[in-house]
Amino acid sequence: VSDIVRTRSRPLSFRPSPAGWIALGSAVAFAIIALATGQAAQLSWEGITGLLERMVALGITAIGQTLVIIAGSIDLSVAHLISVSAVLTSFFMQGDSNGFLVPVVAVLGIAAFVGLINGLLVAWLAVNPLIATLGTGLILQGVLSAAFNDFAGAVAKSFQSFAYGTIGPLPISLLTFALLSMNAIFVLRRTVFGAHLYAVGGNSAGARFAGIRTERVVITAHVAASLLAGVTGLYLASRLGSGAPWVGESGLYDLESIAVVVIGGTLLSGGRGGIGGTLAGVLLFAVLDAGFNMIGVDPFLKQILRGAIVVAAVAAYAFRTKAYVG
Amino acid sequence: MSAVDLKSGAGGLAGMRVRLRIAPVYLVLLALCAAITWYNPSFIEPAGLMNFLRRAAPLAILTCGQLFVLATGGFDLSVGSLITFTVIAASLLTLGDALLTWPAITFLYGVGLTVGLVNGLVVHRLKVPSIITTLGMLLMLKGAALAWSGGSPRGYLPENFRAFGRLVWRDIPVIDTLPLAVIVLVIFVAISWWLLHSTQFGKLALAIGDNARAAELSGVLVGRVRVAAFVISAISAVTAGILIGGYSGVSVDAGNGMDLQAIAAAVIGGVRLLGGRGSVPGAVAGALSLYALFTLLNFLGLPQPVRLAVQGAILIVAAAIAGRQRREA
């Protein structure tokens, strides 16, 4: 088996995949903008880790989104779940009074529960995943906004090191992001569960005939995606010092996580794709963000451009599809 | 689900089980109206009902527009921000000058036409899923409205512009009062009804939603029908925006979340998500039910955000029921 893998990986030819081109192009664009606007300092170690830190929140969410999309589902509830977990993190911690371990476990538990509900709705009740997760997202946001209308509580001092601390020269947030990414890549490429995800997303009926418990696979993917959205909520609470009920929605994590997954070459209909492409898409968005800041684009114009770029980027992949797109 | 539906059972009992069935949405609407009357008896008087219709008109119009996109198997999430854009643009264009009302309205319908065309063409030609296309459009319209107004919209609308949402004729026989918004509503619903249920276009829209491939193979110009559906939806949003500008004035929040309300209303009205089934009377009854539900939640003193949660629950339950029906079929 290892021989086959080796011959297919073509170690001598340097031919980047589309995702590779996106990553390369983004990096070059970042360098050009930094030099052209006279901000060469952006190319220092601090500048580059700063750019990479812009990837963390969207990146962690997008890893989860990649998993559910490969499994043939989708998750529109992530933005609202991020708000819920960010608010609950700081609300549970109440400064230093409750430590941070129990609140973190509680928040992740709630996130996993939301994922379980999403998964059950999609896999058992056969609710269209767009509608099911839109619905759970609305319920989460409604309950959250009814209970909280502003920043709630504060995170523990020690917990802020999740966003601001470093180990040696490396920010802890980046290390976490890198670990989660590698973990997801490993799961997709080297585990039976990963193979099942692709099988279920590619041909659900076929996978079932092959003896795969398709419901279980879809539910697990949803739990994983919600857990990762929960981690993003923890990270945002740590960075802001406190969670507010609009942090997820205003970050557009639902739309953007789907957009970067598609930009990375993962099929929206499931069955094909991977984490590498998604990470390239996330880098592209981080560069756009940083680039707009360096050039000093008006924030409203930035929103217009983002909307246009999301659609254009998805179109660049999708326009060749023959199938009817809903 | 049509208003009256002949349902025949399977097997040997088929003949026995043919019966008339009323779509559940009408019963839901009746029950909600009864509940509101319990709290507020003046609701059932002509003036109370007319006022309710006036307030519900934008949502009902929006739901009719959304129905066309839903029927062809898509979603239009950009209508809420198109309403925001309409309200803000109207105040910036007229600057309170009554003479500029009609030019502004013409311009706004031009914008609506363009937005619908772009949505439809991007979905059909570039094959971008409608959820992503219209979310992108949502960002662009909201950004454009904010950029144009500098982030904090000021100004006010001229009185003759606000009349569409506010003007009420009094002392009319039988119905007592007659708001202009209700006339707009009736006209929009009548046109939608005719388009969906009496024209070739309407039948094709439903056929595409049912099975796009089959429709295409039998010679339907799928692209034109789909683009037209998005245009109708955008036009409905501009119309709703003009009414909303009339009674709630200029704000960045006008129209917020109304896209999902329209989808939820359509689902309550028996419209099948991902296409193929839906009716204008059902959609209107769904919109009125949802608005009646909001009114009732208000009477019960529940906070505004609970509306969101209720909508979410409605969407899930309706989609679960539809999913089950589809599997049984």
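Modeller: Buried means under 20% relative accessible area and exposed means over 50%, with partly exposed in between (1.4 Å probe, protein chains only). This is a predicted model, in which local features need pLDDT of at least 70 and side-chain atom pairs count only at pLDDT 80 or more, while totals for chains, interfaces and linings use all residues. Residues are numbered from 1 along each chain as its sequence is written, chains are lettered from A and ligands numbered from 1 in the order in which they are written, and side-chain values use heavy atoms, with hydrogens and water left out.

Biologist: Thanks! What percentage of the residues of chain A count as buried?

Modeller: Chain A has 326 residues. Its C-alpha atoms fill a box of roughly 55 × 50 × 40 Å along the principal axes. Of those residues, the share that counts as buried is 49%.

Biologist: Is helix 13 of chain A enclosed or open, and how many of its residues are buried?

Modeller: The buried residues of helix 13 include A:Tyr253, A:Leu255, A:Glu256, A:Ser257 and A:Ile263. Helix 13 of chain A is largely enclosed by the rest of the structure, because its buried residues number 11 of 11.

Biologist: Which residue with a positive phi follows that helix?

Modeller: Helix 13 of chain A covers residues 253-263. The residue that follows has a phi near 95°, and it is A:Gly265.

Biologist: Which residue forms a salt bridge with A:Arg306?

Modeller: A salt bridge here is a side-chain nitrogen of Lys or Arg within 4 Å of a carboxyl oxygen of Asp or Glu. A:Arg306 has such a bridge to A:Glu256, with 2.6 Å between the closest N and O atoms. A:Arg306 lies in helix 15 (residues 299-318) and A:Glu256 in helix 13, so the pair ties together parts that are 50 residues apart in sequence. Both members of the pair are buried, and the partner you asked for is A:Glu256.

Biologist: How far apart are the closest N and O atoms of A:Glu215 and A:Arg208?

Modeller: A:Glu215 is partly exposed, at 25% relative accessible area. A:Arg208 is also partly exposed, at 43%. The two form a salt bridge, and their closest N and O atoms are apart by 3.2 Å.

Biologist: Turning to chain B, which helix holds both B:Glu216 and B:Arg213?

Modeller: These two form a salt bridge with their closest N and O atoms 3.8 Å apart. B:Glu216 counts as partly exposed at 43% relative accessibility, whereas B:Arg213 counts as exposed at 53%. They sit 3 residues apart, about one turn, within residues 212-217 of chain B, which is helix 10.

Biologist: Which residues do salt bridges with shared partners join into one network?

Modeller: Over all chains there are 6 salt bridges by this rule. Those that share partners join four residues of chain A: A:Arg54, A:Glu256, A:Asp289 and A:Arg306.

Biologist: Beyond its neighbours within four places in sequence, which residues is A:Gly135 in contact with?

Modeller: A:Gly135 belongs to helix 6 (residues 129-147) of chain A. Its relative accessible area is 0%, so A:Gly135 is buried. With those neighbours set aside, A:Gly135 touches chain B, at B:Gly312 and B:Ile316.

Biologist: One more, please: is B:Ser233 buried or exposed?

Modeller: B:Ser233 has its place in helix 11 (residues 222-248) of chain B. Past its neighbours within four places, B:Ser233 is in contact with B:Gly65, B:Gln66, B:Val69, B:Asp76 and B:Val79. At 0% relative accessibility, B:Ser233 counts as buried.

How values were computed:
Helices (H or I, at least four residues) and strands (E, at least two) are DSSP runs, numbered from the N terminus. Contact means heavy atoms within 4.5 Å.
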